[in-house]
Amino acid sequence: MSAGGQAAALDQKIGSGLKDRTKQALGDEFLRKAVAYTTDKLKTGRLQAMDMFGDWEAWRDRGKAIREHTINHLDYYLSQFADNVTKKGGNVYFCNGSSDAVSTFMEIADKQKAKLVAKGKSMVSEEIHLNHHLEQRNIEAIETDLGEYILQLAKETPSHLIIPAIHKNKQQIATLFTEASGQHFEPETKVLAEYARKKLRNYFLESDIGLTGCNFGVAETGSVTLVENEGNGRMVSTLPKVHVVVMGMERLVPTMEDLEVVLNMLARSATGQKLTTYTSLVTGPKRPEDLDGPEELHVIILDNGRSQQLGDPIFQEVLHCIRCAACLNVCPVYRHVGGHTYGTTYSGPIGAVLTPLIQQDMKEAGTLSYASSLCGACYEACPMKIPLHDMLVHLRHRKVKMKLTALPERIAFKSYQTVFGNITLFKLATKMGYYMQKPLVRGGMIKSGPPPISGWTQSRFLPMLPKKSFRDRWGDLQKELAAKNTAGARAKGGHAK
Ligand code: SF4
């Protein structure tokens, strides 16, 4: 199955397949080590870069203010951006959903009679499963970001926002390259990178269309900003005759001054760099005086559920995200299971919030809100101060209100609410619990038991309920103290006589 096909299939069972994918990931020791190793490196790099940058909290406030202002006035800035792209000679298309964006791209491709598309890194193209649709139209799409290229050979989807092949090692990559080329490769980084570089160079030159994402669109100039470390984004946006940008509607900043702030924060939060190796600003297609550049520039702006969040007091802030992946790198859940476990394009805490919102699917995608310990590490790491942990709680609440949780769970929580809301029932339940647990207790602990207890005891022990509840012991203590005080007062009275 193609990567796009795989992703489309996965999207349908985001929630119902979550447990199986989690078990699979937890059983893959290599994956866990690889993900933990790289996310640790990224996290350390981010912390060092933040230290060197000065008052990071002040930068966070500034970044948040820029994004908040932009999203609060998104209609204005979208229109300004579109006007400026058009003035500079580009074409802009506003697309409501995935299928609109795919058809728009196909229309452009048909006009070019395109047979080959060179792709720079673009999560939005993953979101709309563009590769899958191109394959169906017999248009070859080649991923030119090294990580994405590796995954394309492996027929997999990205498992991290910025390091898509985070779960693969050199040996696995050497095997993939050997299978793809028929030539033997040793697992040496330099050799593997050299092969990919040579192989991809031809695609840049031969492609009919270059496709990229957009890290930030600048409204005042109509520029598309591309941030990367490999140079492939620059090649894809300059060598083919046609450059198509696919971007989420929220990825704007008003001015170049604002761009400077968010670029500084993006690179530091993502990889710990001051700036990425290549930061390209594409402003319109090639002008007569330019030495290179595409003859046509098309910008596809995708809504796909984003505008539904505008005006929402809880979820609008999710549109402030700059896709730095800092929240993934610190998330204890992501670090244990990696991105494929989430079963969707966007993984980690941001994916768990964004996916149900943009897909407007609480039944399957809403289940991702449980893939979190709610520790708040994502909020601490987020350069834009997005309270993802609060949003996850609100999503769980939404799922409960829509009665989308399992019936046994609903009954359990209803009973819990009834017992905890009535002191007589509570006392009775704790007394009964003490006697009912007895067959399961070994050495003061419950080490195994039937479901749902087994869900807990599979990975840790459950302390037994004590014979006397805290409330009983507190009552006894109060009585003891009262008795001591009375005895003391009597003694004092006797002495005075
Ligand atoms: S939510 Fe914050 S930390 Fe996570 S990717 Fe977006 S900006 Fe980065």
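This note goes through the predicted model point by point, from its domains to its strands, rings and backbone.

1. Overall layout. The chain of this predicted model is divided into domain 1, which covers residues 3-309, and domain 2, which covers residues 407-466. Between the C-alpha centres of domain 1 and domain 2 there is a distance of 48 Å.

2. The open sheet. Four strands make up an open sheet in the order β8-β5-β6-β9, and their pairing is mixed. Its edge strands, each of which pairs on one side only, are β8 (252-253) and β9 (278-282). Within this sheet, β5, which spans residues 216-218, runs parallel to β8 and is joined to β8 by 2 bridges, and G217 has L252 of β8 standing opposite.

3. Strand β4 and its partners. Strand β4 consists of residues 209-212, and it pairs with β2 (residues 116-119) through 3 bridges, the two strands running parallel. On this side, A118 has G210 of β4 as its bridge partner. Strand β7, made of residues 242-248, also pairs with β4 in the parallel sense, here over 4 bridges, and V242 in β7 is the residue that stands opposite I209.

4. The two faces of β4. Which residues of β4 point one way, and which the other? I209 and L211 point to one side, whereas G210 and T212 point to the other, and all of them are buried. In general, side chains in a regular strand alternate between the two faces of the sheet.

5. Aromatic rings. A search of the whole structure gives 13 aromatic pairs. One aromatic cluster is formed by Y149, F177, F185 and Y195.

6. Charges over rings. Two arginines deserve a look here. R251 lies over the face of F216, at 5.8 Å from the centre of the ring, while the charged end of R323 sits over the ring of Y346, at 5.0 Å from the ring centre. F216 also falls within the residue range of β5, 216-218.

7. N138, in the loop between α8 (130-136) and β3 (140-143), has a phi near 60°, which is positive although the residue is not glycine. L374, in the loop between α16 (348-359) and α17 (377-381), likewise is a residue other than glycine with a positive phi near 60°.

8. Surroundings of these two residues.

9. A cis peptide bond. Most peptide bonds are trans. The bond from P451 to P452, however, is cis, with omega near 5°. P452 belongs to the loop between β12 (445-446) and α21 (453-457), and residue 452 falls within the range 407-466 assigned to domain 2.

Definitions and conventions: Residues numbered from 1 in each chain as written. Predicted model: local features only at pLDDT ≥ 70, side-chain atom pairs only at ≥ 80, totals over all residues. Heavy atoms only, no water. Domains from an automatic or database assignment. Phe/Tyr/Trp six-rings, centres within 6.5 Å; stacked < 30°, edge-to-face > 60°. Lys NZ or Arg CZ within 6 Å of the ring centre and 35° of its normal. Pairing = 2+ DSSP bridges. Buried < 20%, exposed > 50% of the residue type's maximum accessible area, 1.4 Å probe, protein only.
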